[in-house]
Amino acid sequence: MSKVKVAINGYGTIGKRVADAVQMQKDMEIVGISKTKPNFEAFVALDKGYPVYAPADKLKGMEKGGIQASGTIEDMIQAADIVVDCTPGGLGEENKALYTKAGVKAIWQGGEEHELAGCSFNAVANYEEALGRDFVRVVSCNTTGLCRVIYPLDQEFGIKKVRVTLMRRAADPNDVKKGPINAIVPNPIKLPSHHGPDVKSVIPHINITSTAVVLSTTLMHLHSLNIEMDKQCSADEVADLLDAQSRIRFVGQGITSTAEIMELGKDLGRPRGDMWENCIWDQSITVDEGELYFFQAIHQESDVIPENVDAIRAMMELESNGARSIEKTNKAMGI
């Protein structure tokens, strides 16, 4: 069977990780990535053997900077079966016309609105909804992390209400343009935050309210969850259920912070030190007066990467069963 040809439009924090994850799979391959300037990421992409493409008006600048582009973004799209759009939030809508014109399928990231694709995706919760679709949106890192815990809990025990406070990193480690450096910022000030409604775009019946603050850290997001269940359950039963999920990792062994989780990712030899799984402190799992509480950390640079791979597999109908796709992706990536 020939491999599905995947193009990555936007080779930044998410795009470069998706490219590497796709290249690890047996049923898909990278046919090109796009850059707008000849920075270090473009040179690394060439070193990895990825053809580099650029907007037509940037080709001369790329060449001047030492990057011989393989062609325009339109050329790259023509060579692909499916495009993973990892451009900055808001640009995806402009790109949709390119994909429609070329007759290729496309995946967007959580920075775009649900309406752009009409299908918001999480591999555990709604894989089958994406089967054969032309357009899909992989939800944000925070929403991905929430869906991974909410869906199995709802399936097993039923959920009356989810309340979550998100303590969000201010910027990615390589982002030198953002703050705050020394502040805690309620964001948004008007409640709820967008994360709860975003979960409902994947699991519509869930009753969820979310609040969020931005902290002066770059390492991870932290979620504090409070969930009312339909059925009575113990902390041990919840722990057993979550421990059985392949994209959830329990962290203990002296790990008391997001900094130590990131160190663990490096010690495990993960590419870029990434932690693709939700990291839950199993000691925090508590049931008090029938309500569940726990903490989880979400690595914003990487937790959506395996979801993008599964979305490709669903849309291209390489695998009809979500659990089998997750197993293939995890095995290839080393999750």
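Modeller: Helices (H or I, at least four residues) and strands (E, at least two) are DSSP runs, numbered from the N terminus. Bear in mind that this is a predicted model, where local features need pLDDT of at least 70, side-chain atom pairs count only at pLDDT 80 or more, and totals for chains, interfaces and linings use all residues. Residues are numbered from 1 along each chain as its sequence is written, and side-chain values use heavy atoms, leaving out hydrogens and water.

Now zoom in on strand E6, residues 105–108. Lys105 and Ile107 point one way, Ala106 and Trp108 the other way, and all are buried (under 20% relative accessible area; exposed is over 50%, partly exposed in between, with a 1.4 Å probe and protein chains only). In a regular strand the side chains alternate between the two faces of the sheet.

Next, the neighbours. Strand E5 (residues 82–85) pairs with E6 in the parallel sense over 3 bridges, and Val84 stands opposite Ile107. E6 also runs parallel to strand E8 (residues 135–138), again joined by 3 bridges; there, Ala106 has Phe135 as its bridge partner.

Zooming out, E6 belongs to an open sheet of 8 strands with parallel pairing, in the order E4-E3-E2-E1-E5-E6-E8-E7. Its edge strands are E4 (71–72) and E7 (120–121), each pairing on one side only. E7 runs parallel to E8, with 2 bridges between them, and Ser120 stands opposite Arg137 in E8.

Technical notes. Pairing = 2+ DSSP bridges.
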